Amino acid sequence: MKHFISKNTVLGGLVLTLSMSSCIKDLDRQPFNEVTSATVYNDPAAYKQVAAKLYAGMMLTGQQGPAGDDRTKDIKGMDEGFSSYLRNYWYLQVLPTDEAVIAWSDAGLPEINYMKWSSNNAFIRGFYNRVFYQIASCNEFIRETSDAKLNERGVSGTILTETKALRAEARFLRALSYWHALDLFGGNVPFVTENDAVGSAPPKQTNAKSLFEYIESELKAIDGELVEARKNEYARADKAAAWMLLAKLYLNAEAQGQGNRYADAATYAKKVIDAGYSLQTKYEDLFKADNNTSTEVIWALAADGTRSQTWGGMTFLCHAPVGGSMPASAYGIDGGWGGVRVTPSFVKLFADPTGKTDKRAMFYTDGQKLEINELSTFTDGYAMPKFKNVTSAGKVGSNLSHPDTDFPMFRLADAYLIYAEAAARGAGDKALALDYVNKIRARAYGSAAGNITSSELTPDFVLAERARELSWEGSRRTDLIRYGKFTGASYLWAWKGGVKDGAGVQDYLKIFPLPSTDLTANPNLVQNTGY
Amino acid sequence: MMISMYKVFGRTNVRLNLMMLLWACVSITTMAQDITVSGKVQESNGSVLPGVSVLVKGTTRGTQTDADGNFKIAAPSSATLVFSFVGMTSQEVAINNRTQLSVTLQNDNKQLAEVVVIGYGTQRKKDLTGSIASITTADFNKGNIATPDQLVAGKVAGVQITPNGGAPGAGSTIRIRGGASLNASNDPLIVIDGVPLDNTIINGAANPLSLINPNDIESFNILKDASATAIYGSRASNGVIMITTKKGKKGDVMRVNLSTQASVGLKTGLVDVLSGDDFRALVNQYGTATQKSLLGTANTDWQNEIYRAAVSTDNNLSITGAFKNTPYRVSVGYTNQNGILKTSNMGRTSASVGLTPMLLDNHLKIDINVKASSIKNKFANQGAIGAAASFDPTQPVYSGTEAYGGYYEWVNADGKPNTIATRNPLGLLNLTDDRATVNRSIGNAQFDYKFHFLPELRANLNVGYDVSRSDGKKVIPALAASNFSNGGEKTVYTQDRTNKLLDFYLNYVKDLTKDTRIDLMAGYSYQDFMNSTTTITKDEAETKTLNDSPYKTQNTLVSFFGRANLNVQDRYLLTFTLRRDGSSRFAKENRWGTFPSAAFAWKISEMDFLKSSSVISDLKLRVGYGVTGQQDVGQNFAYLARYTPSTATAQQLLGTTYYNTLRAEGYNANIKWEQTVTQNVGLDFAFKKARLSGSIDYYMKNTSDLLNVVPVAAGTNLTNEILSNVGSIENKGLELLLNHNTISREDFTLDLGFNATYNENKITKLTSANDPNYKGVLVGGISGGVGSTIQIHSVGYPASSFFVAQQVYDASGKPVEGVYVDRNGDGKITVDDYYHYKSPAPRVFIGFNAQATYKKLSAGFVLRGNFGNYVYNNILSTNGVLQAFQGANNSLGNVVPNVLTTLFATPQYFSDYYMQNGSFVRMDNAFAGYDLGKIFGGKSTARLSATVQNVFVITKYTGLNPEVSGGIDNNIYPIPRTFTLGLNIGF
């Protein structure tokens, strides 16, 4: 009996020990839906899918469209629809200017209109987080596509060629986000590259000068690797996109304390112009559901009603400006959100606001008052249904909630105006500049009636022309800063400074504060002056 | 290993099926002739005992001893008499044809001899060193109770059970001694018959616990302090609730119990909104010409339209008994619960089988439990609740046209629905068909073997499972205004959960000397959780896929644990436990956590100087210390570098191809266990003459390495926020429990119970840097303003403290719109001026219950109160402004009368004006029962009962219900007042 038991006990003990060690191995669980970083690139198709996410990061908000849960959204701790790169960029570039007011009282949003933001502002934090999410994502891709790693994984042939181009595009996207960091946060931001591993120590703070030089060197360095202008796939960046960004970098260099670089701005704008783009025949078609076919657009953020859905991005830009008595169905949407209008100062940039002469005055005035007594009343202020989910042929987009309309990040008219401004500031061929400006004017007026003379081509004229031509395309804040009109009291518009008729504001507001969350998370950071 | 265990299970099952066939042959024992029995009852010291209850066992026939301790009773000659008296051990005496009996009752150690279920074993109640509350059937709340958690609400000190609304099967938020965590789960671990349940949501069920029939439950043992819970290590930081189901007992004759009840639930009130006429007057006074033109002529009370009187039924049948060595219990139940919100319904069919055979000369005790239930839910579109409060009351319910199902809707100029206007509440309800079927089974087989050669040693093997399958389908027709632009919605979803459990332990109990007893246990546990879901959303015609997001995930826990109990002279009790847990949720280096505990109890009443006390019958001092962990962080792979694919609706166009993107995920390779250190000092007491017993406990819980989602230094990770071990939180409190046996007479008894808990919760650290300028983590999303929050986790304050702007009032006491105190004096009103205002958690909560019997009548009630809990009235802040009646895009929306007080034009979401004291006293439950005695010629017994739930609430709070888990009141499914009639028949 005893013998039997001890044998049994030993056997039982053995079984138990074996089972325990196998059970402990069960703790090495692997995910089912996600792919581990160790294995993801075993499939070479993954390179393009990862790169696609970098592009999607400019507009979409997560891995489930239009919105998912905490697991699927990119930016945590924020309503997903508000966390779109484009939407936040638009908020910060357009709302603090004469181009728009917004009716909504979401915490922190009126403060953007009033230029009374603090370092706790959710939208500033949202944009900052987007910028660095994008930079970190680009770093990851650049790290994973180093020559050494591609070689190690045996990537060759067309996939190797394409992956290298995609890597250059990731560097372009990273440079773009760093340029936004330079423009909106004064360049006093944490600096990380592909050499900083995920989970590394809090990075050091850089400054405007170093960041400016870094962006410049990066954009020049990838010039050889990017696909030729107009030769890349749609919605991907090519050489012209990088030139365009360089032109913008140089145009704003002086305002950012980096010296007069207008000549360089003209040079790169000219490279873009000479690459073979042509103006869209009808201005309004640039902002319609089939604008992916435009010959004018250099680089666009692609939206799609069924396959690329988000509540930020173009869904916002097509819905938020519609309200009051505006017929939503005429814009290809299922209803307006009653949010965004323009200020009277913006309307005054047009001699004739009816749109009959200058077609870029796309105001909707029926039931809308010019004056803005109440920010929250949609009918205070003219509406402007510029972005529409309807094709140039009048066909409604594929989904009434989510437009097919793409966002033109860079387009030829912008390059013309950059060149014109540089020339007006004395760094380019003024005759050529006049020709460029009048091309834009002729399209707007449908004739030469709006053409200007050489003497009329002043820097101030270009500023106003940029507002008329590029309204709501995200450059107004930067433009006003370049002209010293964003802060101070030299130029006032409704609700600037939180006052109905506008009030001067202090200069420190030219750049936004670093969000308080990052100051806490990263002890290396020093807040921007004034905040 | 798992497979071989299931084989054992399978074989046993076959044998048991045979046994079940034989049960049908069992007959009912017949009654013998009555004789008169008389006698005397005394204490062990010889003094006579008056007022002792004498009962013929198994009947309601009884008497009491007189002043001299004498009794006389008629009983069958073969019957057994039960003698019971408070403070004494009950005694059963078989008559055996005797007419004269002398009975000596022993001093109360009756309750102390009770056995309490603890983790991996049982313990004699008198040997407990930890803080453990036991509630059994007799003390359960009564009435229309569909989920187990409601059985014990208000009954236990330190345990707060807040119902999550009144939907059929809705669950509760259970907090034991406050929340120990911020981002990780604060729910206690629930263990049913030895199977720990996981916390994950069961899709298609209002609440995972709604799949368990409360009628099958015998007892709740709630382990509160760490010395009791630490044996569950990593999942015990928020306490452990051990639920034991009813079982047959050895030697039982077969008993059949049939219970049936019907109830009706009525709404207790409505959100106060303007009537049609008042609204017309308001718009005519303040509105624009356009708005006035939108007014209708109706007077619709939308809230009345969406609610109804809800009838529910509950029927249960159970058979309990023992067949030879196998006690058994089999039960079936069917519950049909209608919600007061139209279209909501839950139907649950449940069955359970419990077998506890004793084999091998009682050396092998097997405990088999299988519970299965199938629930059919029909979910109402709860958006209708908010819509009913804000839909224009001047509009009719029906438009008179066929569009949008005939419901009146706000439309654009082109006749299409205005997408951001409020939808017709009744349309939302009636045009949403949202159903789910969930089948769940929880089962285990426990083999407890007492070694033949060493009876002090037991081996215990427990294999268990918890599986569920959900199938849900939600259809909104294309004609419904709510989904008009998408062509309706058809969502089909499934979920499969498979959780497996294997526990094994050895237990050695020995009396080392006459006075020293040791109880040693060591074991191993393996638990695996698999969860996979699919969700496919299409339009009604199924022409396009709007969403398709399958997900599957798994996590595993492996544990080793041990416990040592030492009892010296029945006076000094020592307990040590140690658990080592491995969790698949952490990287290899951080995977294992060690959780020790120690406790000491001193039974002062066993000391010589108290032993013969005529005042104190029990006095025990308990001191405990323990460490528990937390790994329920909601993410299974937060430590692992990985990429997530996008769904088909989040693709990116490159060229002419749409790509499913791959996103590199943020991760924190360093996350590890959150740890909670609990200290507890408690005193149990019982006074003989005063008939008072109770306990008092002081506890302190400190959680460190708090798993908190914190901002990442920008650029360093692939996310902006990440789960990290930063911060600490502290809970301290005092618990008091008192039970008083106020009246104890033959035909009249009254028992009172009171419990009170004081809890203080404070965050002591939040970030690794501990920056004094860091305000904290904003939480508590509110309705109105996308992404707006009203609460904050801040150092030095309770978790989720309200974070608001201080309202300025004019001389007449009216709040001034948009004017707040500039608390930091910088001339601007920004978030920097917001301040911490109170907390949604009560400082003090109490429970009071009374239970009386008079002859065959019994009655009682349960009162529950919370004090110091604050509520943000989100309904007032969104609907209490003039802007609210100017609905979105040429529509109108109703407002609350408060707008006439404030006349606020635009929302002032962050004003502390909307903060209200949510303290309340609620009568949860009042019941009466009548014992019909024997019916059907004496073969059966019957009992009638009537219960009212949610009888009344006393509160200063102006909203519908001050009891809001989380403290943000915003259109919550109201809890009905329920009237229930029940009949219980036993034979």
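Is M115(A) buried, exposed or partly exposed? M115(A) is partly exposed, because 19 other C-beta atoms lie within 10 Å; a residue counts as buried if 20 or more other C-beta atoms, placed from the backbone, lie within 10 Å of its own, as exposed if 12 or fewer do, and as partly exposed in between. Before we go on, please note that this is a predicted model, in which local features need pLDDT of at least 70 and side-chain atom pairs count only at pLDDT 80 or more, while totals for chains, interfaces and linings use all residues. Residues are numbered from 1 along each chain as its sequence is written, and chains are lettered from A and ligands numbered from 1 in the order in which they are written.

Let us stay with M115(A) for a moment. You will find M115(A) in the loop between α4 (109-114) and α5 of chain A. Helices (H or I, at least four residues) and strands (E, at least two) are DSSP runs, numbered from the N terminus. Leaving aside residues up to four places away in sequence, M115(A) touches P96(A), K496(A), G497(A), V505(A) and L509(A); two residues are in contact if their C-beta atoms, placed from the backbone, lie within 7 Å. From M115(A) to K369(A), 254 residues apart along the chain, the C-alpha atoms are separated by 23 Å.

Now follow the chain into α5(A). This helix has 23 residues and reaches 32 Å from its first C-alpha to its last, close to the 33 Å expected at 1.5 Å a residue; the expected span is 1.5 Å times one less than the number of residues. Because 22 of its 23 residues are buried, α5(A) is largely enclosed by the rest of the structure. For a contrast, look at S22(A), in helix α1 of chain A. S22(A) is exposed, as 11 other C-beta atoms lie within 10 Å.

Step back and view chain A as a whole. Its secondary structure comes to 17 helices and 5 strands, and buried residues make up 60% of its 531 residues. The C-alpha atoms of chain A fill a box of roughly 110 × 50 × 50 Å along the principal axes. With 531 residues, a compact globule would have a radius of gyration near 24 Å, and the 26 Å of chain A agrees with this. The radius is taken over C-alpha atoms, and the globule rule is 2.2 Å times the number of residues to the power 0.38.

Two backbone details in chain A deserve a look. A cis peptide bond, with omega about -10°, joins G65(A) and P66(A), and P66(A) lies in the loop between α2 and α3 (85-94). W472(A) has phi near 60°, a positive value in a residue other than glycine. W472(A) is buried, with 22 other C-beta atoms within 10 Å.

The C-alpha trace of chain B spans about 95 × 65 × 65 Å along its principal axes. Chain B also has a residue with a positive phi: Y404(B), which is not glycine, has a value near 55°.

Strand β50 (residues 870-873) of chain B pairs with β53(B) in the antiparallel sense over 3 bridges; two strands pair if DSSP finds at least two bridges between them. In this pairing, Y870(B) stands opposite N917(B).

Finally, where do the chains meet? The contact takes 89 residues from chain A and 86 residues from chain B. On the side of chain A that touches chain B, α5(A) gives the most, with 9 residues. That side has 40 nonpolar, 32 polar and 17 charged residues, where Ala, Val, Leu, Ile, Met, Phe, Trp, Tyr, Cys and Pro count as nonpolar, Asp, Glu, Lys and Arg as charged, and the others, Gly among them, as polar. Strands pair across the contact too: β1(A) and strand β32 (residues 642-645) of chain B run antiparallel over 2 bridges, with V35(A) opposite Y643(B).
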